[in-house]
Amino acid sequence: MNLLQYQPGESFLHKLNPVTKLLAVFLYCVACIISDSIFVELGLIFLMLIICFFAGLGKRALSLTKNLLILGGMMFILQLLFVRTGTPLLKIGSLCIFTTGGVFSALLLSCRIIATMLPMMLLFAITQMTDLCGAMVKRLHIPYRYAFIVTTAFRFVPLFTSEFHDIEDAQKARGVEYDTKNIFKKIGLVVPLVVPLLMSSLKKVDAGAMSAEVRGFNLRTVRSGYRDYPFAAGDGVCIALTVVLIIISALL
Amino acid sequence: MIQFEDFSFRYKSSEAFALQGISMTIENGAFVGIIGNSGAGKSTLTYTLSGIIPHHFDGDFYGSVKVNGLDTVEVKPEKLAQFVGEVFQDIDSQMVSSIVEDEILFGMENFGVPHDEIGRRLDSVLDMLGIRDLKDRQISSLSGGQKQKVAIAAILAMDPEIIVLDEPTGELDPASSIMIFDILRRLNREFGKTVIVVEQKIMLLCEYVDRLLVMDAGKIVFDGRSEEIVQQVPLFKNLGINVPRVVELGQQLTAAGLYHGAIPLDLDQAEKMVKEVLADAGV
């Protein structure tokens, strides 16, 4: 499943104003970044998971965490090998492999990455891209042009993949061995598809622009949007709670 | 009103003219069907109505095209879009949103339709095309026919005076095709909309449109009432366009001396003809 795909729902998280969600995610990330304690980072990850369980997004949050663990693991190894503070823990001959400082900062960084990425990715699970952009145009007065670029880019991702699969299937039907296990052979087969794929995408973008133009794209103003995205009491509570979270993580 | 005056157009990348020497007038409230082989210039003709030619496609533009008295060269497409709504042939690439409801809202929002009016029109087009259950669906998850209905709904929601559709039933099953033409007829008769539709299904055109244009190699080779195609069967055969089978049957029965009435144009008339012939034969 696409990690950034929207998951429809009626939970309290879904119902928040998209601008609130974005701001709350940003503040949550700030809380993760300013803290220097591994326990706070772990606490923040658990808190996010618990919130998700209550919002009915538990499965999604767990699978995201699992995916992020891979990224966290990679960062852990890099930090471990490159941070040289503290006393050496493992030595082979005179070569120091890693130190206490390395272990500490590697753990902190990988936890921090998971703690910051998790809410960001969940934002996409509980918010339609169009709602996010619509609310930003309506509430933050971001020019519609930019919001349209972002939504269009997101819209093109599935189009692009399905087009790619179509070409791949067509080639398979002609006997090209796309299902080969050999990664180098596969890359060799995919590269020639890049240009036609790019060309057909550019054509699609051009036709889309044409369609937007004849439907009055250039006439649009901030007030045109049909949906209103009003703020509610829940939005205030949500932001207040994340601010409290920042204070706690700064103090601990 | 749409006026073409000795209009010709050649795309920048091509040697031949896509349209040549087009002179005609389409009155307000007309229901016009356009048929012709691929490459005959049908889509190019529809592009000129919405100002995409010359504003989006470069090329050599001769003569003039006026829509409601506005020269399409002089006014921008968004100005023309206030009276002309066009459904393009390529359904996928004309979508601008990822959700059905947003797609339909897009045009109305852009033109600044008052918000209570938007809600009313949204409901009305969803019901008109029978796609209310698709309202919250992702467009990428729809079938071709469903997308086609969404594309048509998005244009109808803008409530244009002139509705241009390029093969609007290409992905649709026969029942839905008839539904679309029924909607177009209603818009034409009840609301006085001008409807211009490119269509390959000759039977639908004969049944619904008032005026039929046949195009070949960038020219209009026939322009008349759909009943007149009875006299044009050789022309159609020459171009490789099917004539309705009921017309063919009528002509064959007439040629065989079995039938002497008017050539039928739709199934009801054909049924009457067959009954008459059978009664004469004493069956």
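Which residue of β2(A) stands opposite Lys91(A)? In this predicted model, with local features given only where pLDDT is at least 70, side-chain atom pairs counted only at pLDDT 80 or more, and totals for chains, interfaces and linings taken over all residues, the residue is Cys96(A). Residues are numbered from 1 along each chain as its sequence is written, while chains are lettered from A and ligands numbered from 1 in the order in which they are written.

The two strands are β1 (residues 88-92) and β2 (residues 95-99) of chain A, which run antiparallel and are joined by four bridges. Strands here are DSSP runs of E with at least two residues, helices are runs of H or I with at least four, and both are numbered from the N terminus. Two strands pair if DSSP finds at least two bridges between them. β1(A) and β2(A) form a hairpin with two residues between them, and Gly93(A) in the turn has a positive phi of about 65°. None of the five residues of β1(A) is buried, so the strand lies largely in the open; a residue is buried if 20 or more other C-beta atoms, placed from the backbone, lie within 10 Å of its own, exposed if 12 or fewer, and partly exposed in between.

Confidence is expressed as pLDDT, the predictor's value for each residue from 0 to 100. Chain A has a mean of 86, and 99% of its residues reach 70 or more. Within chain A, confidence is lowest in β1(A), at a mean of 80, and highest in helix α2 (residues 18-34), at 93.

Chain A is divided into domain 1 (12-127 + 230-251) and domain 2 (135-220), with bounds from an automatic or database domain assignment. The C-alpha centres of these two domains of chain A lie 32 Å apart.

The contact between the chains takes 25 residues from chain A and 27 from chain B, where two residues are in contact if their C-beta atoms, placed from the backbone, lie within 7 Å. On the side of chain A, the elements giving two or more residues are α6 (129-140), α7 (144-173) and α8 (183-214). The largest share, eight residues, comes from α8(A).

In chain B, six strands form an open sheet of mixed pairing, in the order β6-β7-β8-β3-β9-β10. Its edge strands, β6 (84-87) and β10 (219-225) of chain B, each pair on one side only. β9 (residues 211-216) of chain B and β10(B) pair in the antiparallel sense over six bridges, and Val214(B) has Phe222(B) in β10(B) as its bridge partner.
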